[in-house]
Amino acid sequence: MNETNTTDAETEIAGTGTLGKAMAVLEAVVTAGSRQRFTDIVQSVGQPRGTVHRLLSHLVEEGLLVQGRDLAYEPGLRLLKLAYRSWSGNRFRDIAEPHLLRLHELTGETVHLGVLQETEIIYVDKVESRQTVRMSSQIGKASPAYCTGIGKAALSSLSQPELMRIAAKTKFHPFTAHTHRSAAGLLAEIDEIRRDGHAFDREEHEAEICCVAAPIFVPEHDLVAGVSVTGPAYRVNMVQLAVWAEVVRGTAGKIEEEVRMRLGPGRNGR
């Protein structure tokens, strides 16, 4: 009996049980970009209608979702509370902030700080450009790692077996004419990034948007991240990004050093 209970719990944590199904429903609403009706959610998550209805009821009861008078669902205020707690306790972001501001002063363009989570890069901080045309990126937003400069930079820090695992589960969607179409193309570029110490986004995720990025890797604290400078292609060409590559690498190195100094030993006393 105990073995069965343990297996069930492990299954839910792995994302195939009730917890995983509830998270899928919650994520479908939160990441949709617009209020979602019941039929939209069922189609998005691919779960039985009865299961989705039950999970939605639980999520509404817990304040994680809100159902309007038109019966459509949207994120609830409790999510903001949880996000604020996570945000206010994010020591990595606090450590990196002064370095991001200095990088912004040097370049005048948008600076991003992102953390790798499997196949995605999660933006945890952003310093907006001083220019009138700005980036649409948002703190907390996830973007594919394989077609963003900051994501590819972070991927370059992984061991080869881990990189191969991530590449194998990546779905290569052609966002632009410059987006990688296969794992082979991504892996070949990662080799170049490891050699050079920085990565570029050559209009791979969004048309007319380019960036240069460098990895931040602190394995003793399980931190795989990156920092980037991003701008519109008409204002920031590849020549300019190549000039900024050195200062971006330097910023990443300073953040790594301060993380180790301020957070102290991590796993196994490392």
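Counting a disulfide as a pair of cysteine sulfur atoms within 2.5 Å, the total here comes to zero disulfides. Welcome to this predicted model, in which local features need a pLDDT of at least 70 and side-chain atom pairs count only at pLDDT 80 or more, while totals for chains, interfaces and linings use all residues. Residues are numbered from 1 along each chain as its sequence is written, and side-chain values use heavy atoms, leaving out hydrogens and water. The chain has ten helices and eight strands; these are DSSP runs numbered from the N terminus, with helices being H or I of at least four residues and strands being E of at least two.

- Cys-210 is buried, at a relative accessible area of 4%; buried means under 20% relative accessible area, exposed means over 50%, and partly exposed lies in between (1.4 Å probe, protein chains only).
- Cys-211 is buried too, with a relative accessible area of 4%.

- The chain has an average pLDDT of 86, and 87% of the residues score at least 70; pLDDT is the predictor's confidence in each residue, from 0 to 100.
- Where in the chain is confidence lowest, and where is it highest? The lowest mean, 39, belongs to helix α1 (residues 2-14), and the highest, 97, to helix α7 (residues 149-155).
- Residues 1-15 have a pLDDT below 50, and beyond near neighbours in sequence this stretch has eight contacts in the model; a contact means heavy atoms within 4.5 Å.
- Where pLDDT is low, the predicted coordinates should not be read in detail.

**The chain as a whole**

- Of the 270 residues of the chain, 44% count as buried.
- Taking the contacts between residues at least 6 apart in sequence, 58% join residues at least 24 apart.

**Helix α2 and its partners**

- Helix α2 (residues 18-30) packs against helix α3 (residues 38-45) at an angle of about 120°, with the axes 10 Å apart. Axes are lines fitted to C-alpha atoms, for helices over the stretch in contact, and angles run from 0 to 180 degrees between N-to-C directions.
- α2 and α3 are therefore oblique to each other: angles under 35 degrees count as roughly parallel, over 145 as roughly antiparallel, 65 to 115 as roughly perpendicular and the rest as oblique.

- Leu-163 sits in helix α8 and counts as buried, at 1% relative accessibility.
- Leu-163 and Leu-187 are 24 residues apart along the chain, and 8.2 Å separates their C-alpha atoms.
- Apart from neighbours within four places in sequence, Leu-163 is in contact with Leu-155, Leu-158, Leu-187, Ile-190 and Arg-194.
- Phe-175 is found in the loop between α8 (160-169) and α9 (183-196), and at 36% relative accessibility it counts as partly exposed.
- In sequence Phe-175 and His-205 are 30 residues apart, yet C-alpha to C-alpha they are 5.6 Å apart in space.
- Not counting residues up to four places away in sequence, Phe-175 touches Pro-144, Tyr-146, Cys-147, Glu-204 and His-205.

**Loop residues with positive phi**

- Glu-208 is not a glycine but has a positive phi of about 70°.
- The loop between β6 (199-202) and β7 (209-218) holds Glu-208, which counts as partly exposed at 46% relative accessibility.
- Asp-222, not a glycine either, has a positive phi of about 50°.
- Asp-222 belongs to the loop between β7 and β8 (223-232) and counts as exposed, at 57% relative accessibility.
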